Amino acid sequence: MSALFEPYTLREVTIPNRVWMPPMCQYSAAPEGPEMGVPNDWHFAHYAARAAGGTGLIIVEATGVSPEGRISPYDLGIWNDTQVEAFRRITRFLVSQGTVPGIQLAHAGRKASTDQPWKGGAPVGPDTHGWQPVAPSPLAFADGHPVPTELTVAEIQEIVGQFADAARRALAAGFEVAEVHGAHGYLINEFLSPYSNHRTDEYGGSYENRTRLALQVVDAVREVWPDDKPLFFRISATDWLEENGWTADDTVRFAADLRAHGIDLLDVSTGGNAARARIPVGPGYQVPFAARVKAETSLPVAAVGLITDAEQAEKIVANGEADAVLLGRELLRSPSWARHAARELGGDVHVPDQYHRSV
């Protein structure tokens with residue numbers, strides 16, 4: 001049997017295959033009013049298509065734990081019950097197709113309040129639905145970005161509580177997997193890296209201090225997230241900087257800490273925290289980072305990064321480099337990628353009754 005289409009169980013949740021969809025923002029929610037941050041028909045159609053296409057796990061895009069935690073004014077949120085009710089429509093359909101619904105809980109930190117990427121993605125101000133970003137230190141992400149407000153300790157603790165509240169709502173919305181976003185230069189990643197964290201209090205300086213927020217968030221979420229449901233953590237395994245950045249060695253060390261605090265799987269990506277970093281992009285370029293974590297720790301991992309064809313994905317799982325693969329852009333191009341890959345590899349995948357004539 002194809003390794004890619006073997007079921008995978010974490011805690012008491014069984015995911016039907018190893019073809020997973022990572023969080024990919026759609027920047028398509030209303031930016032203001034009662035529908036702010038609420039998933040709409042576009043989000044339903046987008047996720048439903050990938051579920052009908054056989055994807056085993058779908059992790060809904062970075063979802064703000066507060067209005068100020070969104071990457072853009074057009075992002076989804078999960079800070080109120082209106083959002084919860086709208087998400088239920090999506091999770092019900094995913095479950096009906098045999099797909100496990102997951103959600104990424106996020107705070108964008110200093111990279112918040114930007115425009116939709118097809119409009120350039122530049123920072124936006126209050127006159128265009130924007131707000132003042134916050135961060136561990138008053139350091140702008142890049143030229144043209146505002147200097148964020150440095151968070152106080154009390155404000156940090158408030159954000160920890162917002163993650164816990166978001167997890168409670170995610171459970172009520174029908175999600176079976178939650179993921180804490182600690183990657184790509186957003187708030188938690190900003191605290192982890194010495195490149196973006198210049199604090200001198202208990203949240204900055206040493207490795208133990210810089211990882212404090214991440215572990216507090218994980219503890220707060222794990223406390224409200226049921227014991228029978230898995231909790232993921234997405235990490236940027238490296239800042240891709242020659243010095244003064246978060247490194248692969250840090251990631252391996254941190255993976256053990258995350259395991260001890262109740263994380264069940266590390267979703268391994270890279271980059272996003274340093275605008276000037278040079279990243280050697282190529283097919284599967286991030287897979288070695290996942291493979292190293294898997295080889296050197298007991299924490300399961302998922303791999304990402306220009307994984308595009310069935311044979312490539314099969315080898316990653318079969319060779320033990322990762323426990324699953326997350327296909328981003330390829331699933332945007334081909335919603336039924338899992339079904340096509342199963343046909344190529346001789347694997348079994350769910351096919352809706354309405355589509356059986358296509359098998």
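Tyrosine 8 is buried, because its relative accessibility is 12% (buried means under 20% relative accessible area, exposed over 50%, partly exposed in between, using a 1.4 Å probe and protein chains only). Tryptophan 20 is buried too, at 0%.

This is a predicted model, where local features need pLDDT of at least 70 and side-chain atom pairs count only at pLDDT 80 or more, while totals for chains, interfaces and linings use all residues. Residues are numbered from 1 along each chain as its sequence is written, and side-chain values use heavy atoms, leaving out hydrogens and water.

## Ring pairs

There are ten aromatic pairs in the structure (rings of Phe, Tyr and Trp, the last by its six-membered ring, pair if their centres lie within 6.5 Å; planes under 30 degrees apart are stacked, over 60 edge-to-face, the rest tilted). One of them is tilted: tyrosine 8 with tryptophan 20, 6.3 Å centre to centre and 45 degrees between the planes.

Phenylalanine 44 and phenylalanine 93 pair up as well, with centres 5.5 Å apart and planes at 65 degrees, so this one is edge-to-face. Phenylalanine 44 is buried at 18% relative accessibility, whereas phenylalanine 93 is partly exposed at 26%.

## A cluster and two charges

Tyr207, Phe233, Trp246 and Phe254 are joined into a cluster by ring pairs. The charged end of arginine 253 sits over the tyrosine 207 ring, 3.7 Å from its centre (the cut-offs: NZ of Lys or CZ of Arg within 6 Å of the ring centre and within 35 degrees of the ring normal).

Back at phenylalanine 44, arginine 89 lies over the ring face, 4.0 Å from the ring centre.
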